[in-house]
Amino acid sequence: MPQKNRKRDERKRQIFDVIMEAEKPLSRREICEAIGLKKSPHITDIIEELVTERHVIKLQDMMPNGSIIYVYVNPKLLN
């Protein structure tokens with residue numbers, strides 16, 4: 001497996017683990033902080049891939065100022 005794919009797979013696994021272990025929905029910023037990285041399009045793409053694969057669920061939340069953010073949650077927390 002090429003090095004680039006291996007790193008992406010490792011990062012995807014890290015993100016998946018953070019979301020699965022969380023007791024509440026997490027924003028992209030919170031996910032990135034948990035894995036020690038800054039929010040980036042690359043990380044967002046990986047998170048969205050997990051959503052597409054139905055490993056995590058994407059929800060909308062509203063901030064106190066009225067802006068909408070996306071949060072990601074372990075499907076088991078919704079049951």
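**Notebook: contacts, fold and pocket of a predicted model**

I began with Lys12, which touches Ile46, Glu49, Leu50 and Glu53, residues up to four places away in sequence not being counted. I took contact to mean heavy atoms within 4.5 Å. Lys12 belongs to helix α1, residues 3-21. I noted that Lys12 counts as buried, at 16% relative accessibility. The terms I used are buried for under 20% relative accessible area, exposed for over 50% and partly exposed in between, with a 1.4 Å probe and protein chains only.

**Basis of the entries**

I worked on a predicted model, in which local features need pLDDT of at least 70 and side-chain atom pairs count only at pLDDT 80 or more, while totals for chains, interfaces and linings use all residues. Residues are numbered from 1 along each chain as its sequence is written, and side-chain values use heavy atoms, with hydrogens and water left out.

**Overall fold**

I listed 3 helices and 3 strands in the protein chain. Read from the N terminus, the elements run α-β-α-α-β-β. The radius of gyration is 13 Å, close to the 12 Å of the globule rule for 79 residues, so the protein chain is as compact as a globular protein of that length. That radius is taken over C-alpha atoms, and the rule is 2.2 Å times the number of residues to the power 0.38. Helices (H or I, at least four residues) and strands (E, at least two) are DSSP runs, numbered from the N terminus.

I recorded a box of roughly 45 × 30 × 20 Å for the C-alpha atoms, taken along the principal axes. Of the 79 residues in the protein chain, 29% are buried. Among contacts with a separation of 6 or more, 47% are between residues 24 or more positions apart. The protein chain exposes about 5,600 Å², of which carbon and sulfur atoms supply 52%. Such areas come from the Shrake-Rupley method with a 1.4 Å probe; for residues, only the protein chains shown count as cover.

**Buried isoleucines**

I returned to helix α1 for Ile15. Ile15 is buried, with a relative accessible area of 0%. Neighbours within four places in sequence left aside, Ile15 is in contact with Ile31, Ile35, Ile43, Ile46, Ile47 and Leu50. Between Ile15 and Cys32, 17 residues apart in sequence, the C-alpha to C-alpha distance is 8.1 Å.

I then looked up Ile19, also placed in helix α1. Ile19 counts as buried at 1% relative accessibility. Its contacts, neighbours within four places in sequence again left aside, are Leu26, Ile31, Val56, Tyr72, Val73 and Asn74. The C-alpha atoms of Ile19 and Ala34 are separated by 9.6 Å, at 15 residues apart along the chain.

Ile35 is in helix α2. I found Ile35 buried, with a relative accessible area of 13%. Beyond its neighbours within four places in sequence, Ile35 is in contact with Arg11, Gln14, Ile15, Val18 and Ile43. Ile35 and Glu48 are 13 residues apart along the chain, and their C-alpha atoms are separated by 16 Å.

**Two loop residues**

I placed Lys39 in the loop between α2 and α3. Lys39 is exposed, with a relative accessible area of 56%. With neighbours within four places in sequence left aside, Lys39 is in contact with Arg28, Arg29 and Cys32.

Arg54 is in the loop between α3 (41-52) and β2 (57-62). I noted a phi near 65 degrees for Arg54, a positive value in a residue other than glycine. Most residues other than glycine have a negative phi. Arg54 is exposed, with a relative accessible area of 72%.

**The largest pocket**

I found about 160 Å³ of space in the largest pocket. A pocket is an open set of points on a 1 Å grid over the protein atoms alone, where a 1.4 Å probe fits, with protein on both sides within 12 Å along at least five of seven lines; lining residues have an atom within 4 Å of a point. Grid points are joined across faces, edges and corners, and the volume is the space filled by probe spheres set on the points.

The lining consists of Ser27, Arg28, Arg29, Glu30, Lys39, Met63, Ile69 and Tyr70. The elements that give two or more residues to this lining are α2 (28-35) and β3 (68-73). Helix α2 gives the most, with 3 residues. I classed the lining as 3 nonpolar, 1 polar and 4 charged residues. Here Ala, Val, Leu, Ile, Met, Phe, Trp, Tyr, Cys and Pro count as nonpolar, Asp, Glu, Lys and Arg as charged, and the others, Gly among them, as polar.
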